[in-house]
Amino acid sequence: MAYLINPLFLFISFFILVIHLPVHQAVNGGFSVKLIRKNSTNAPFQRLMDATQTKSYAHLGEYLLELSIGTPPVKVYGILDTGSALIWTQCVPCNNCYKQLNPMFDPQKSSTYTNISCQSQKCNLIDTGVCSDENMCSYTYAYADSSITQGALASETITFSSSTGHSVQLNNLIIGCGHNNSGVFNDHEMGIIGLGRGPTSLISQIGSSFGGRKFSHCLLPFHTDISISSEVSFGDGSEVVGDSVVSTPLVNKDGGPLYFVTLLGISVEDTRFQIRNDSESVAKGNMFIDSGTPPTMLQQQLYDEVFDEVKKRVPMDPITDDPDLGPQLCYRTSNNLEGPIITMHFEGADVELTPTQTFIPPKDGVFCLAFTNVSNENAGVYGNFAQSNFLIGYDLENEVVSFKPTDCTK
């Protein structure tokens, strides 16, 4: 989800804050959505040339997806979040909300906006669906970084544009109209577009309309110019195919929104570190993939091993005199850091990461390892820094996720 960035303190300030673990969880061909981490004029994949599209961009380490909501359509830029399962945006009246640059969505100006009543079955799709005094279904959706949205659950139209000039209109989608929102958001973020599991996520609601619950995205590298864009595609046509594709099973755990996978180990160049636990076998689903969390988070023991090995492999002295950087592994260099190849050994899929994906510049002339640690008892997180320059496809019909190295700027 959202997080705060201090340019002088990129990682420590948000590493713990940005895990998208909703406390509460919130229906269904092919089309593609243009994901704005920074925009291009050409579709990056030929198979999407005539697909339905919308823009997306990246701002401060998050990826924002543009949706057109309501009638007439109003553009909303929400965090592209595979770690949650609700589409919501700030709505007027919004007396207790964070500041945003663009005007807030006004449901009274949309002819297709309808509040969901307490008697509707849709009100039960979110655990926190409760009645308001006006018999409207109210929701509260909270995230592990203490961000929270509260408001009215509603039915609304979402419109996508197409590369051929046609528009694709999807009616009666469930959204949250947030009237009370707070947490670690910046003023470019108008809400969150949940793409995780769960009946109220975008992928669950549109899946049956476009050939199944499948989607893929290609996230641009950190600090990509805002004039460049990439795309997200949904349904038939979103499959990741061709040379260099590797796939790993998704593990559906606890009925939650997260996309769990199984990490067997990590290699730094030719030195491999295995996942170790109390049993002989690796725990299934020990890491989840989250487009809304920037760093990759490893269990403490594995993190320490990777940290020490990377430090050995980089022929430079790490920074030790900058208190803003804390315990991160950082180096001063005027050029891109020449770091080691780090390979994520997922079940059935080895994903090789270059320094573009593993070292991030928090400020000019400084590059820091884009990994951090969680306790050995917690699941790891595969963050969006490591996902950049990969076409990543989620197939929820077959419970598999695929990776293909791709220049997402083209």
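This short talk covers selected strand pairings and salt bridges in one structure. The model is a predicted one.

Let me begin with strand E28. Strand E28 spans residues 390–395, and six of its six residues are buried. Phe390, Ile392 and Tyr394 point one way from the strand. Leu391, Gly393 and Asp395 point the other way, and these residues are likewise buried.

Which strands pair with E28? Strand E13, residues 214–218, is joined to E28 by five bridges, and the two run antiparallel. Strand E29, residues 400–405, pairs with E28 in the antiparallel sense over six bridges.

I turn now to another hairpin. Strand E17, residues 263–268, and strand E18, residues 271–274, run antiparallel and are joined by four bridges. Within this pairing, Ile266 stands opposite Phe273 in E18. Two residues lie between the strands of the hairpin, and Glu269 in the turn has a positive phi of about 55°.

The next element is an open sheet. Three strands make up this sheet, in the order E21-E25-E24, and the pairing is antiparallel. Its edge strands are E21, residues 330–332, and E24, residues 359–363, each of which pairs on one side only. On average, neighbouring strands of this sheet are turned by 35° against each other, direction ignored. Strand E25, residues 366–369, pairs with E24 over three bridges. There, Phe359 has Leu369 in E25 as its bridge partner.

I come now to charged side chains. How many salt bridges does the structure hold? There are eleven salt bridges, and I shall discuss some of them.

Glu309 forms a salt bridge with Arg313, and their closest N and O atoms are 3.0 Å apart. Both residues lie in helix H2, residues 300–313, four residues apart, which is about one turn of the helix. Is Glu309 buried or exposed? Glu309 counts as buried because its relative accessibility is 10%, and the cut-off for burial is under 20%. Arg313, at 31% relative accessibility, counts as partly exposed.

A further salt bridge is formed by the side chains of Asp321 and Arg332, at 3.2 Å from N to O. This pair links distant parts of the chain, eleven residues apart: Asp321 is in the loop between H2 and E21, and Arg332 is in strand E21. Arg332 therefore counts as partly exposed at 45% relative accessibility, since exposed requires over 50%. Asp321, at 55% relative accessibility, counts as exposed.

In another pair, the side chains of Lys410 and Asp407 meet in a salt bridge at 3.8 Å, N to O. Lys410 is exposed, with a relative accessible area of 62%, whereas Asp407 counts as partly exposed at 33% relative accessibility. Elsewhere, salt bridges that share partners join Lys214, Asp236 and Glu239 into one network.

To close, I return to the strand with which I began: E28, six of whose six residues are buried, pairs antiparallel with E13 and with E29.

Definitions and conventions: Residues are numbered from 1 along each chain as its sequence is written. This is a predicted model: local features need pLDDT of at least 70, side-chain atom pairs count only at pLDDT 80 or more; totals for chains, interfaces and linings use all residues. Side-chain values use heavy atoms; hydrogens and water are left out. Two strands pair if DSSP finds at least two bridges between them. Axes are lines fitted to C-alpha atoms, for helices over the stretch in contact, and angles run from 0 to 180 degrees between N-to-C directions. Buried means under 20% relative accessible area, exposed over 50%, partly exposed in between (1.4 Å probe, protein chains only). A salt bridge is a side-chain nitrogen of Lys or Arg within 4 Å of a carboxyl oxygen of Asp or Glu.
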